[in-house]
Amino acid sequence: MQNKGRALLLLIVLVAALLLAGCVSDPKVHEGREGFSYTVSKAYRLEGQRVRDVHCTGPDEKFVLIVGADTVTRNGEVYEFSLSARTRSAYSMLINYPDGYQYTADSDGMVTSSNAMFVRSKGRESREGFDVFELDPQYPKPEILADAILLANAPEKERNPLLYLMLLVLVGVGLFALIKPEASWRHSIGWQFRNAEPSDVALIWQRVGGVIMIIMAIVLLARAV
């Protein structure tokens, strides 16, 4: 009966820790240009290519971009691109739209169209004997594509094997304190005294400490991946 109670307590602790870890690991929201914000999914394989979903939320619209190494897909529309750098502070990017127009976008705020001689630099427009090109409203602006591409191609966090080992040890110690509180008390405190026995309160605090260590380990793991 006592073992069943411990198993039930352990199950409740693990479920609570996993739910807490899920809350902690919600996707980060990135603020971008043109009033848009972005959340980026974990990388996955699609037709042999490593891709990420970028959820784009603007003032009046929402859509999802599937960003690969050199293409962006939205509702079946494919935008090809080349990227010379992978940071939002310094980059240069070439974007080919489905309608045949070609743009370059860079970190200095300049967007150019090779077909219409359209130049917009830091909010100023210039004409050189050509009509200013109006982007078809069905297509996202180059700044939005550029932000999504940079976020999706940002280097992933390096995984430290030592961190995972430490978390594994933390979970092990926590489980030991939760399942065997008396033995845990003897290893942590009882060895300092001769013929000492733990009180009921001491055993409760051993279990509480074990629960805290397990939750800490799962939350840290969720933040690390």
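Mentor: Let's talk through a helix, the core and one glutamate.
Mentor: This is a predicted model, where local features need pLDDT of at least 70, side-chain atom pairs count only at pLDDT 80 or more, and totals for chains, interfaces and linings use all residues. Residues are numbered from 1 along each chain as its sequence is written, and side-chain values use heavy atoms, with hydrogens and water left out.
Trainee: Is helix α2 mostly covered or uncovered?
Mentor: Mostly covered: eleven of the eleven residues in α2 (142–152) are buried, meaning under 20% relative accessible area with a 1.4 Å probe, protein chains only. Helices here are DSSP runs of H or I, at least four residues, and strands are E runs of at least two, numbered from the N terminus.
Trainee: And which residues of the largest nonpolar core touch the most other members?
Mentor: Tyr 38, Val 54, Leu 65, Val 67 and Val 72, out of 26. Such a core is a set of buried Ala, Val, Leu, Ile, Met, Phe, Trp, Tyr and Cys residues joined through side-chain atoms within 4.5 Å. The largest share, eight residues, comes from α2.
Trainee: What does Val 54 touch, skipping neighbours within four places in sequence?
Mentor: Its contacts (heavy atoms within 4.5 Å) include Tyr 38, Phe 63, Ala 148 and Ala 152.
Trainee: New topic: why does Glu 77 count as buried?
Mentor: Because its relative accessibility is 18%. Glu 77 lies in strand β7 (77–83), and beyond four places in sequence it touches Val 72, Pro 98, Gln 138 and Tyr 139.

Definitions and conventions. Buried < 20%, exposed > 50% of the residue type's maximum accessible area, 1.4 Å probe, protein only.
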